[in-house]
Each structure stands twice: as C-alpha cells, then as structure tokens.
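Look at the sequence and the model below. This short report covers side-chain packing and ring pairs.

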Amino acid sequence: MMDPRAGSFGTAADAYERGRPPYPEKALDWLLPGGERLSSDGGYRVLDLGAGTGKLSRQIRRRGLDVTAVDPSEGMLAELRRVLPGVPALLGSAESIPLPDDSVDVVLVAQAWHWVDPARALPEIARVLTPGGRLGLIWNVRDERSDWVRRLGTIIGSAEEGREPRMGPPFGPVETTEFAWAHTIAADALLDMVASRSRIILLPADERAAVLAQVRQLTATHPELLGRASYELPYVTECARATLL
C-alpha cells in the first residue's frame, strides 16, 4: 500500500510549484550521459519519473532533450501540463511505467526514490531503458549547517530519511556525488516550500497554520533573515547513477 505521504502532494501542487527549488546544472551535467549516447539527431530520450510539477523536466527540456514525465498524482501532472504544455505527462509510477520496452535512454528520479519499492521498480525501469541505459537519482537536501536553516528544520522537520540509492541488478555499480549550492527564495515562496512538504500537508488545518506561523516568526526575528525580501537557502544536492548491464 502506498505511503500516504507519497500520495499527498497533489493537494499542494501549486505550493510545490512555487516553493520547491530547481536542481544545480552541475548535477545534471553529472547525471546525464555525455556525447557517447547522443543519437543521430543530437539528443536522447529521458524519462522524468516521479516528475511532480516538472521542476526537473523543464531543465532537461532546456537542454534540447526529448523528455517524458510520469507521476502518480493527477494533481501534480495538471500543474506540470500547465507550465510545460509541450512535454508528454503520463499517470504512472516507478513500479508501473506507461511506456513501451526499450523506449528511453535515461531515467531520472528527483526527490522520489525514497517512496519507491526497488524490488518492483528496478525491473520495470530496466524494461523501458535501452541496453546500456542509465538510471539517475537526485535529491535537494537543505544544508542545516546554517543556523537559520537548522532552526527551520526544528520547526518543520529535517530532511527526509531513506535517501540511500538502493539499486542493484540488473544495474551495475552505483556512483555517488554531491553538489553544494544556494537557492534564492522569496519570503512567500519559503512558506510555499514548507506548505508543500508531505508532513505538513497531512497535518490538521490548525496545526498546519501553527507551523506556518512559526516559520513567519523565524523570518521576522532571525538576524540572517530580518528585513529581507528573499533569502539564500543553502542545499546539498545528492546524486547517484548506475548503468543497465
């Protein structure tokens, strides 16, 4: 049975779109294959699996690559279709991908692998990948070495656990790396980022309002945030990749 947190995002798709950060381009450089897998038309086919509102899909598209988005939430896909009308957006999951065999060259999973059952998902991902295709995982994790970010984590909960890149056959060895960076986020968007977290979405309305009030209090009083219209929110982006044997 699906974890209720995994199925909660559709009700907060608009907040997710406004508040969640993009991904550092250096991470995409590392995750996406180089020229050795370029097709005759200069690109390759990418599946953004668990695409949400298309945060990663739009970055892939800007690189001139053919991208298809799959997500289990109709609410998230509706937002994706609004912001990316030219990207195919299909209802599905890592365990049941609505694509033919050997139909994509790369599968990327952003902020979602910890919701996946690898025993069922890995064979399904291998099915849709071409021989020698790549599976890449990526997570943006707030860097709580910063005092105000650590206090934010105390209010809303620290980054989700379970980010281990649980792969295995039929994929080869897993490579991992990480990238430190900062995302400039407006005050209202910070509240949207908080409101789009599964733990907050599932709270009763009064408890959710209380959490958001604590975040407003933090931004109104912390010396690193006081009087600012936007903030530099530091992240560490964790990445993993493996090749289909």
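## Packing and ring pairs

Leaving aside residues up to four places away in sequence, Ile-125 touches Leu-49, Ala-94, Ile-97, Val-107, Trp-113, Leu-135 and Phe-171. Contact means heavy atoms within 4.5 Å.

This is a predicted model: local features need pLDDT of at least 70, side-chain atom pairs count only at pLDDT 80 or more, and totals for chains, interfaces and linings use all residues. Residues are numbered from 1 along each chain as its sequence is written, and side-chain values use heavy atoms, without hydrogens and water.

The largest nonpolar core has 27 residues. Such a core is a set of buried Ala, Val, Leu, Ile, Met, Phe, Trp, Tyr and Cys residues joined through side-chain atoms within 4.5 Å. Buried means under 20% relative accessible area, with a 1.4 Å probe and protein chains only. Ile-125 is one of the members that touch the most others. Apart from this core lies another, of 25 residues, including Tyr-44 and Cys-239.

Which aromatic pairs does the structure hold? There are two. Rings of Phe, Tyr and Trp (its six-membered ring) pair if their centres lie within 6.5 Å; planes under 30 degrees apart count as stacked, over 60 as edge-to-face and the rest as tilted.

| Pair | Centre to centre | Angle between planes | Class |
|---|---|---|---|
| Trp-148 and Tyr-231 | 6.0 Å | 55 degrees | tilted |
| Trp-181 and Tyr-235 | 5.6 Å | 25 degrees | stacked |

Trp-148 and Tyr-231 are both buried. Tyr-235 has 3% relative accessibility, so Tyr-235 counts as buried too.

Notes: Buried means under 20% relative accessible area, exposed over 50%, partly exposed in between (1.4 Å probe, protein chains only).
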